[in-house]
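User: Hi! I'm new to this one and would like a friendly tour. Can you show me what we're working with?

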Amino acid sequence: MISRAKGEPVELVEVVIPDPGPGEVVVDVIACGVCHTDLTYREGGINDEFPFLLGHEAAGTVESVGAGVTNVEPGDFVILNWRAVCGQCRACKRGRPHLCFDTYNAEQPMTLTDGTALTAALGIGAFADKTLVHEGQCTKVDPAADPAVAGLLGCGVMAGIGAAINTGAINRDDTVAVIGCGGVGDAAIAGAALVGARRIIAVDTDNKKLDWARGFGATHTINAGELDPVATIQDLTDGFGADVVIDAVGRPETWKQAFYARDLAGTVVLVGVPTPDMTLEMPLIDFFSRGGSLKSSWYGDCLPERDFPTLISLYLQGRLPLERFVSERIGLEDIESAFHKMHAGEVLRSVVIL
């Protein structure tokens, strides 16, 4: 499924997948979630390198591998990721591979039948029967997992869970607030519940989304269209503010709410993605007068080879309700409709089954 030009509906076309070269892997895609990032690609919000082969929240089976591939073999069930760390850059060498500055993708392009090179969304391009990726983009997990569920760790769900557990470092008995209860925000709520947060406060302007949040472990909900979220979070935390506040929206107004809704030594985690034109103006004294941490979370600061198998194991044990994120299962021909449903807030995730 490709996007030829900014804002145009996606098209179902034939794609040519080359044989895997050194370090490359061909994966038979079984399922792929429809993520807001795919819509952002279609709208030209990432870059203008059209045509795009969309899709990146995917799980599938390794079909073939190129020379030198050692971490997977044909038949392995894998989740695809867009952060294949290099192991050699300054971040990796300092023991911070989740911040890798030189991540890998496949060297060869996938193409249209006329030879036109395609830009794979986030280096994956999984709205297709098969895709070509770097071996480091494949993480082997338990094949007992439902592919429609497992693939969602490839982006949004991992971003939210990681924002809570990895970036926010939420501990047992912490108080937590999450602003924005779409897929990423609800994943952050699920992560906070998983590690035993004492109080989890969900904030949104949509009561349907607040209902979703309760299903993932929110203990309290705030409709920000009816109540002041900062004052209400403080009221729910003995007047102090939350230990960790996660902004899963990524707008100046929600970040300010997160900043003022945290305890004096609390942590703010920005995981919602702002647009380049957004700016923030605040009194500098407010930063000086509060301790704690102000963090951004990119892909949940995850390491796929560490986090994916663990989260899949917790899901299979019934301790992490990843299946709740799958709102509907669709075909490739339904992707444009899924974009509309996602934009309208009608679904957490539509998942393409191939």
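This is a predicted model: local features need pLDDT of at least 70, side-chain atom pairs count only at pLDDT 80 or more; totals for chains, interfaces and linings use all residues.

User: Where is Asp173?
Analyst: Asp173 is in the loop that runs between α4 and β11 (175–179). Its phi is positive, about 75°, although Asp173 is not a glycine. For background, most residues other than glycine have a negative phi.

User: Which other non-glycine residue has a positive phi, near 45°?
Analyst: That is Asp301, with a phi near 45°. The loop between β16 (293–296) and α10 holds Asp301.

User: And is Asp301 buried or exposed?
Analyst: Asp301 counts as buried, at 13% relative accessibility.

User: What is His98 in contact with, away from its sequence neighbours?
Analyst: Leaving aside neighbours within four places in sequence, His98 is in contact with Arg83, Asp301, Cys302 and Leu303. His98 sits in the loop between α2 (90–93) and β7 (111–112), and at 23% relative accessibility it counts as partly exposed.

User: How far apart are His98 and Cys302?
Analyst: In sequence they are 204 residues apart, but in space His98 and Cys302 are 5.8 Å apart, C-alpha to C-alpha.

User: Let's move to helix α10. How many residues does it have, and how far does it reach?
Analyst: Helix α10 (residues 304–316) has 13 residues and reaches 17 Å from its first C-alpha to its last. That is close to the 18 Å expected at 1.5 Å a residue.

User: Which residues of α10 are buried?
Analyst: The buried ones are Pro304, Asp307, Phe308, Leu311, Ile312, Leu314 and Tyr315. They lie on the same side of α10, because they cover an arc of only 160° around the axis. In general, residues three or four places apart in an α-helix point the same way, since there are 3.6 residues a turn.

User: What covers that buried side?
Analyst: The cover over the buried residues of α10 includes β6 (77–80), β10 (138–140), α3 (147–150), α4 and α5 (183–194).

User: And which residue with a positive phi follows α10?
Analyst: Gly318 follows α10, and its phi is positive, near 80°.

User: Now the nonpolar core. Which residues touch the most other members of the largest one?
Analyst: Phe127, Ile189, Ile246 and Leu322 do, out of 86 residues in the largest nonpolar core. Helix α4 (residues 156–167) gives this core its largest share, six residues. Apart from this core lies another, of 16 residues, including Val230, Trp255, Phe259 and Leu270.

User: Which residues is Ile246 in contact with?
Analyst: Setting aside neighbours within four places in sequence, its contacts include Ala163, Ala164, Ile170, Val269 and Val271. Ala177, Val178, Ile179 and Ala188 are also in contact with Ile246.

User: Last one: which two residues does a cis peptide bond join?
Analyst: Phe50 and Pro51, with omega about -5°. Pro51 lies in the loop between α1 (36–42) and β4 (52–53). As a rule, most peptide bonds are trans.

Notes:
Residues are numbered from 1 along each chain as its sequence is written. Side-chain values use heavy atoms; hydrogens and water are left out. A nonpolar core is a set of buried Ala, Val, Leu, Ile, Met, Phe, Trp, Tyr and Cys residues joined through side-chain atoms within 4.5 Å. Buried means under 20% relative accessible area, exposed over 50%, partly exposed in between (1.4 Å probe, protein chains only). Helices (H or I, at least four residues) and strands (E, at least two) are DSSP runs, numbered from the N terminus. Contact means heavy atoms within 4.5 Å. The expected span of a helix is 1.5 Å times one less than its number of residues. The arc is that of the directions from the helix axis to the C-beta atoms.
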